[in-house]
Amino acid sequence: MNKAEQKKAAYQAALIIMSVYFSMLESLIPKPFPWIKIGLANISTVIGMERFGGLFGIEITILRIFIYGFISGTLMTPGFIISSIAGLGSAACMAGLFYFRGKFSTVAISTAGGFIHNICQLTAAYVIFFRNIDINSGGVKVFIFFFMCLGTASGFAVGVVSRKFTLVKKNSGNHGMISKNI
């Protein structure tokens, strides 16, 4: 393994550890549904994508989902499945947007990821738990609107925090390379 590969592996390990830690921290926060989280673990996904590209961020997400599921004892539970679908959907969206890095900021990409995360989460939760609920009722529409606003705001906040940890080099032509800002 050459020096660049070692550096990439070290970054990946550190970012996965950070994301699992944030997932564990978020599990301590009381919430109305087990799969609802602020999304702090996505900070490492966004940083990974900034540093090494979209596929790297997807790898971090997949590994975090399974490691945290194993550690927390929630592997293959409905909450794990809902979170997995939403996390992978969000990571795939952000990875796709990172290919157009010149057109979208880190904050915009993360905000889109938060929005897609909630769409995937609501869809999966509906299919698994709530198929018999009329989604056209006023209460459900209010819940969906509120939930989508929170997810989008969370994605925005994750983007702002992630941007603080990375500094994209301007005018370098290397849209995936960063330098540390800490």
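The buried residues of α3 are G54, F56, G57, I60, T61, R64, I65, Y68 and G69, where buried means under 20% relative accessible area, exposed means over 50%, and partly exposed lies in between, with a 1.4 Å probe and protein chains only. This is a predicted model, in which local features need pLDDT of at least 70 and side-chain atom pairs count only at pLDDT 80 or more, while totals for chains, interfaces and linings use all residues. Residues are numbered from 1 along each chain as its sequence is written, and side-chain values use heavy atoms, with hydrogens and water left out.

Helices (H or I, at least four residues) and strands (E, at least two) are DSSP runs numbered from the N terminus. The cover over the buried residues of α3 includes α1, α2 and α4, contact being heavy atoms within 4.5 Å. One of those buried residues, I60, touches Q12, L15, I16, S19, S44, T45 and G48, leaving aside residues up to four places away in sequence. The 19 residues of α3 should span 27 Å at 1.5 Å a residue, and the end C-alpha atoms are 27 Å apart, which agrees; the expected span is 1.5 Å times one less than the number of residues. Just after α3, G73 takes a positive phi of about 80 degrees.

I60 also belongs to the largest nonpolar core, which has 18 residues and in which L15, I43, M49, I60, M94 and I109 have the most contacts. Such a core is a set of buried Ala, Val, Leu, Ile, Met, Phe, Trp, Tyr and Cys residues joined through side-chain atoms within 4.5 Å. Two or more residues of this core come from each of α1 (3-27), α2 (42-52), α3 (54-72) and α4 (78-98), and α4 gives the largest share, five residues.

## Pairs of side chains

The structure holds one salt bridge, that is, a side-chain nitrogen of Lys or Arg within 4 Å of a carboxyl oxygen of Asp or Glu. It joins E50 and R101, whose closest N and O atoms are 2.6 Å apart. E50 lies in helix α2 and R101 in the loop between α4 and α5 (106-128), 51 residues apart, and both E50 and R101 are buried.

There are six aromatic pairs. Rings of Phe, Tyr and Trp (its six-membered ring) pair if their centres lie within 6.5 Å; planes under 30 degrees apart count as stacked, over 60 as edge-to-face and the rest as tilted. Two of the pairs are set out here.

| Pair | Kind | Centre to centre | Angle between planes |
|---|---|---|---|
| Y11 and F52 | edge-to-face | 5.3 Å | 70 degrees |
| F143 and F147 | stacked | 5.6 Å | 20 degrees |

Because Y11 lies in helix α1 and F52 in helix α2, their pair ties together parts 41 residues apart in sequence. Ring pairs also link Y11, F52 and F56 into a cluster. By contrast, F143 and F147 are four residues apart in helix α6, separated by about one helical turn; F143 is partly exposed at 34% relative accessibility, whereas F147 is buried at 7%.

Helix α6 (residues 138-165) has 28 residues and reaches 41 Å from its first C-alpha to its last, close to the 40 Å expected at 1.5 Å a residue.
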